[in-house]
Amino acid sequence: MTTIKLDADFYQQDALVVAQKLIGKLLVRRLQGTEVICKIVETEAYIGPEDKGCHAYQNKRTKRTEAMFTSGGHAYIYVIYGMYYCFNVVASVKDKPEAVLIRAVEPIAGIDIIRENRAIKSMKIAALTNGPGKLCQALNIDKKLNGYNLISEDELYLTGDNTDQDYQLVATKRINIDYAEDYKDKPWRFYHQGNPFVSKL
DNA sequence: CCTGCGATCGTCT
DNA sequence: GACGATCGCAGGA
């Protein structure tokens with residue numbers, strides 16, 4: 001298939017724009033000599049200094065958040081609950097910490113490899129990739145890829161090839177950020193309506 | 001279908 | 001020393 005990588009112009013927009021445009025785009029991960037491909041069906045935007053739900057609230061700059069301050073088009077990957085990883089796409093320009101959390105994807109190609117990576121009893125296919133920690137496990141995404149360049153490298157990247165344009169985009173509040181006070185109810189979570197791989201309705 | 005709970009540890013204070 | 005942008009399983013309806 002033709003692979004048209006998303007470029008710097010795409011990533012260096014506001015996280016709110018990137019988060020919405022990423023729905024329906026393809027996430028490509030090179031594993032075992034083949035390309036495992038998933039369609040993005042759910043995202044959340046986190047917006048730098050103003051957002052109390054963002055790790056980089058008030059431009060907080062630590063070893064963990066450093067990747068958020070790179071230019072749009074890099075990966076921001078962190079450990080959550082001591083056991084799982086979350087994969088974000090950095091948006092906006094250098095030194096403006098904005099990112100889009102990829103919360104759920106739908107497997108398109110290479111599902112056998114995804115199954116290998118996800119040892120669970122459940123027979124439900126949706127359980128393979130319907131959550132941020134799950135999709136990282138499914139695609140073997142971990143901290144080694146923190147700061148990875150999604151524009152110029154080939155192990156992990158995104159493409160604009162859409163398998164279908166025919167979906168409704170829904171905006172709701174973000175998941176599990178009850179501590180974020182007046183920012184916890186901002187409608188900055190986006191998903192492909194009705195897609196069975198979305199983590200929560 | 002839904003709710004509750006324990007696991008587990010890197011990161012920051 | 002405390003917490004968290006989560007997950008899988010058990011148990012009940």
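A residue is called buried when its relative accessible area is under 20%. By this criterion, 49% of the 201 residues of chain A count as buried in the predicted model. The accessible surface of the chain amounts to about 9,700 Å², and carbon and sulfur atoms contribute 50% of that area.

Chain A contains four helices and eight strands, arranged along the sequence in the order α-α-β-β-β-β-β-α-α-β-β-β. The radius of gyration is 16 Å, close to the 17 Å that the globule rule gives for 201 residues, so chain A is as compact as a globular protein of that length. The C-alpha trace spans about 45 × 35 × 35 Å along its principal axes. Among contacts in chain A with a separation of 6 or more, 61% join residues 24 or more positions apart.

Strand 3 (75-80), strand 4 (84-91), strand 5 (98-109) and helix 4 (132-138) each supply at least two residues, and helix 4 gives the most, with three.

A polar side-chain atom of asparagine 88 is 2.6 Å from a base nitrogen of DNA strand C, and an N or O atom in the side chain of tyrosine 78 is 2.9 Å from a base nitrogen. For tyrosine 84, a polar side-chain atom lies 3.2 Å from a sugar or linking oxygen of DNA strand C.

Notes. Residues are numbered from 1 along each chain as its sequence is written. Chains are lettered from A and ligands numbered from 1 in the order in which they are written. This is a predicted model: local features need pLDDT of at least 70, side-chain atom pairs count only at pLDDT 80 or more; totals for chains, interfaces and linings use all residues. Side-chain values use heavy atoms; hydrogens and water are left out. A polar contact is a pair of N or O atoms within 3.5 Å; within protein, one must be able to donate a hydrogen and the other to accept it, and residues adjacent in sequence count only if both atoms are side-chain atoms. The radius of gyration is taken over C-alpha atoms; the globule rule is 2.2 Å times the number of residues to the power 0.38. Buried means under 20% relative accessible area, exposed over 50%, partly exposed in between (1.4 Å probe, protein chains only). Contact means heavy atoms within 4.5 Å. Accessible areas come from the Shrake-Rupley method with a 1.4 Å probe; for residues, only the protein chains shown count as cover.
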